[in-house]
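User: I have a structure open and would like to go through it step by step. Could you start with a term I will need?

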Amino acid sequence: MTSNGTAHMDMPVVSSAELTQTFGVLLIGFIFTATLYGLTFFQTYIYYTRFPGDDMKIKSIVGLLWALDTAITTLVSHTIYHFLVTDFMIPFSQLITTKTFIAEIALSGFLALVVQCYYASRLWTVSFKRTVLPAAVVALALAAFAFNLATIAKLIHQPLFSQVVSSSVKLLKGISTGLILAADLLIAGSMLWYLRPSRNPGMALPEGWYEKIVVYGINRGTCFAVFQLAVLITLVTMPDQQVWLLFHWVGGKVYINSTFSMLNFRNTHHGRGVPEEASLNQNARGSAGRSGTYTTRSGLSGGADSSHSVQFNVHPDAKSGGAMNIELDMVRSQGDMTYDDVDSEDMKRVQTESVKSGGPSKPHVLEREVA
């Protein structure tokens, strides 16, 4: 009785507020991390089943990001298990920094680099191959990755987890996060600017509040920029409360799911994804007999081969027989043009228009009359 009472008295008393700011924050971050990994897995499945004919580079990037997210989730799980189970009886102030925690910081930095470089290539496409902004994004991403490696070198020599954000680590991690945030803001602002409706007439627009949130809040890169801002603010203002780790862990999942959401949101044509700016989905207005004229730009994928799907969705009231969808597929392969579901007269007329307009790399005006 005496020995047990003495042992009980010797155990450190931890307040509820301290637990909330330490183990509580880590547990909440892990819960969100595990939940969002499920979304990552689901989006990966959707991508590979819906776009089997996509370019091998994009398919490889998706596979790489999924593998990185799986590894990061495993490392976070081990870190949480070690702190909350293995070292449960050890006070938070005496916890030793685990190797899995440091490895997670390294992989998260590499993941951000991959995502930002992919968005830079996307920005190069939608800006009609202007190189200034994509080059700036890549330069910022590489600089941030270099500072992240310097942060890891400092973390290796910091044994206590409670003091993981020392003055030198705080400086290096703050610079790395600031550079990542600058690249994210440049990505989000540029994507919103170049994919604005006035610049891409006829581009399919999001309908309803849900699609608007997905397109403008997630696909454009706005969401992960907000999370990086939260990481930077909490790291600078509350370095000892581990709150920044919550946003750091969740932010990595936001990077991946934003990229996957952008890819899965595309239209599909013969198993290949159609870029958002090359997809038309306009409702024909007026009664039957009117013609609709739509303009689209081809050759935006940056490769020699491009595939675009132009859809003319006629209003259901235009014909008594119900809705009629007319799809005109343009496929360019080594200078040859083929058209599916178009009669010979229309094919000759469209080929003539393509030659006059300068080929598939120039803007086209395609007109189809509905009888």
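Analyst: Let us start with burial: a residue is called buried when its relative accessible area is under 20%, exposed when it is over 50%, and partly exposed in between, using a 1.4 Å probe and protein chains only. Please keep in mind that this is a predicted model, in which local features need pLDDT of at least 70 and side-chain atom pairs count only at pLDDT 80 or more, while totals for chains, interfaces and linings use all residues. Residues are numbered from 1 along each chain as its sequence is written, and side-chain values use heavy atoms, with hydrogens and water left out.

User: OK, so how many helices and strands are there?

Analyst: The protein has ten helices and eight strands, where helices (H or I, at least four residues) and strands (E, at least two) are DSSP runs numbered from the N terminus. Of its 371 residues, 44% count as buried.

User: How many salt bridges does it hold?

Analyst: There are two, a salt bridge being a side-chain nitrogen of Lys or Arg within 4 Å of a carboxyl oxygen of Asp or Glu. One of them joins the side chains of aspartate 54 and arginine 266, at 2.6 Å from N to O. Aspartate 54 sits in the loop between α2 (16-50) and α3 (56-86), and arginine 266 in the loop between α9 (243-264) and β1 (267-269), so this pair ties together parts that are 212 residues apart in sequence.

User: Are those two buried or exposed?

Analyst: Both aspartate 54 and arginine 266 are buried.

User: And which parts does the pair of lysine 253 and aspartate 69 tie together?

Analyst: Lysine 253 belongs to helix α9 and aspartate 69 to helix α3, so their pairing links parts 184 residues apart in sequence. Their side chains meet at 2.4 Å, N to O. Lysine 253 is buried, with a relative accessible area of 1%, and aspartate 69 also counts as buried at 1%.

User: Switching topic, where does arginine 220 lie?

Analyst: Arginine 220 is in the loop between α7 (208-219) and α8 (222-237), and it counts as buried at 2% relative accessibility. Leaving aside neighbours within four places in sequence, its contacts (heavy atoms within 4.5 Å) include Tyr119, Met191 and Glu276.

User: What about phenylalanine 42, how exposed is it?

Analyst: Phenylalanine 42, which lies in helix α2, is partly exposed, with a relative accessible area of 48%.
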